[in-house]
Structures are given as structure tokens and as C-alpha cells.
Amino acid sequence: MRRAVLSVLVAALGLTSGCAYTVNGTPVSAGVLDIEPPFSSTEQKPTPRSGEREPTPRSGEPDADAVGDVCKLLTWKDLPYEVRDKSAAPTDTGYDPKFDQSCKWQTTVDQLDVGVTLRFRAGRPITLEQTNGEFDLGDRKVKYFDRTTDTSVQPSCVLVMDYAGGGLGIIVIDGSARYGAICEQGKKVAEVLRSKEPTG
């Protein structure tokens, strides 16, 4: 069966083949959907010299501990997909060690894996290697890469924005054509997370 690679942030979103499996809020086997994301973080935190203190976050920006669990801010109820249990936990969490937090909500529609992945990095932004659009979300600018018509990958949209003193990456993959424009789905995810953004 064709399987969309759902990694909130993919260098090459593509198809793999494998056995059928059930998701709808339950974890899938490790590594099934994991490939390199198309994100970069060019602004590194300064490394303190010997005897110096670790730099503190800027005023009003929470540190990694203060942010809490970003993955708990989004639920199946915020997503349009038809799953048996809207109160279920994300399909997988903590699967990408390159980011402070990572999680995905994945289900199957018409033999296609569809869903959303998130990655969060504390203290520095996440940027996209390539963009073809942006929009304002309150005082926040969201940049995105719309791959809806790219025939080399499953229809998808990758979005990034500054978030809670760090960076947030969102990937929506949906080749089912059941739930509206994919980047609009991504915008709604960004709106939900922006409305629940930790502030201290």
C-alpha cells in the first residue's frame, strides 16, 4: 500500500511500502515514518566560555522547561480526520532526537496515511530550506512550502513559525482530497497552537 511519509518536517516527502497497520491514535512501530526534515536552525544559542553562565532567555520568552509539553496543546479534536477516538493521544511522540519535542497524529484514509506532525525547538527558530508563501497570524509570520501539486511527493504543506521563544515546524500530508486545501489545514493547526502558546 502507498504510504505517505509523515515526519513533520521532511527533506523528501515520499512513499514507502509496507504492511498494513492500525493507527487512529495508537503508536506505530518506531522509524516507520521518520526521515530527515527540511528544517534548519541557523541561530544557535551562544556557547558559554569556561566560568561563564548559560545565557538566559530574553524577557517574556519561556525557556525549554517553562514551555511544557507542546504536543499536549493539539488534539485529534482540532483536526478534521475521522478517527475512532478523538480523545486519543498523538500517534507517536519524541521520535526525533534533533528537536526538543516531536509528535504526530496519523491515520489512514483511502489506503493513504494522512495527518499532521509537529517539531519544536527551544531557544531558536526553525526555518524552511524553501518557501513559496507566507501569512500573518496575529503578530506572527508563518512561512510555508506548499507541495500540493508536486507529483514527486504526496500532497503536503510544511509550515514554520516562531513559537514560545523557539521554533515550531508543522507538516500536513493529505492526499485524500477529503478535508480541504492542505495549507489551510496547516493554517488551522497554527491558529490552534498560537491561541494556546505558553507565555511564561
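**Disulfides in the predicted model**

Counting cysteine sulfur pairs within 2.5 Å turns up two disulfides in this predicted model. For anyone new to the term, a disulfide is a covalent bond between the sulfur atoms of two cysteines. With the bonded cysteines of the protein chain numbered in sequence order, the pairing reads 1-2, 3-4.

Take the bond between Cys-71 and Cys-103, where the S to S distance is 2.1 Å. The angle about the S-S bond comes out at -95°, making this link left-handed. Cys-71 sits in the loop between helix 1 (64-67) and strand 4 (92-93), while Cys-103 belongs to strand 5 (residues 101-109), so the bond ties together parts of the chain that are 32 residues apart in sequence. As for accessibility, Cys-71 has a relative accessible area of 7% and is buried.

The link of Cys-157 and Cys-183 is right-handed, with 100° about the S-S bond. Cys-157 shows 0% relative accessibility and so counts as buried. For Cys-183 the relative accessible area is 13%, which also falls under the 20% cut-off for buried.

Methods: Residues are numbered from 1 along each chain as its sequence is written. This is a predicted model: local features need pLDDT of at least 70, side-chain atom pairs count only at pLDDT 80 or more; totals for chains, interfaces and linings use all residues. Side-chain values use heavy atoms; hydrogens and water are left out. Helices (H or I, at least four residues) and strands (E, at least two) are DSSP runs, numbered from the N terminus. Buried means under 20% relative accessible area, exposed over 50%, partly exposed in between (1.4 Å probe, protein chains only).
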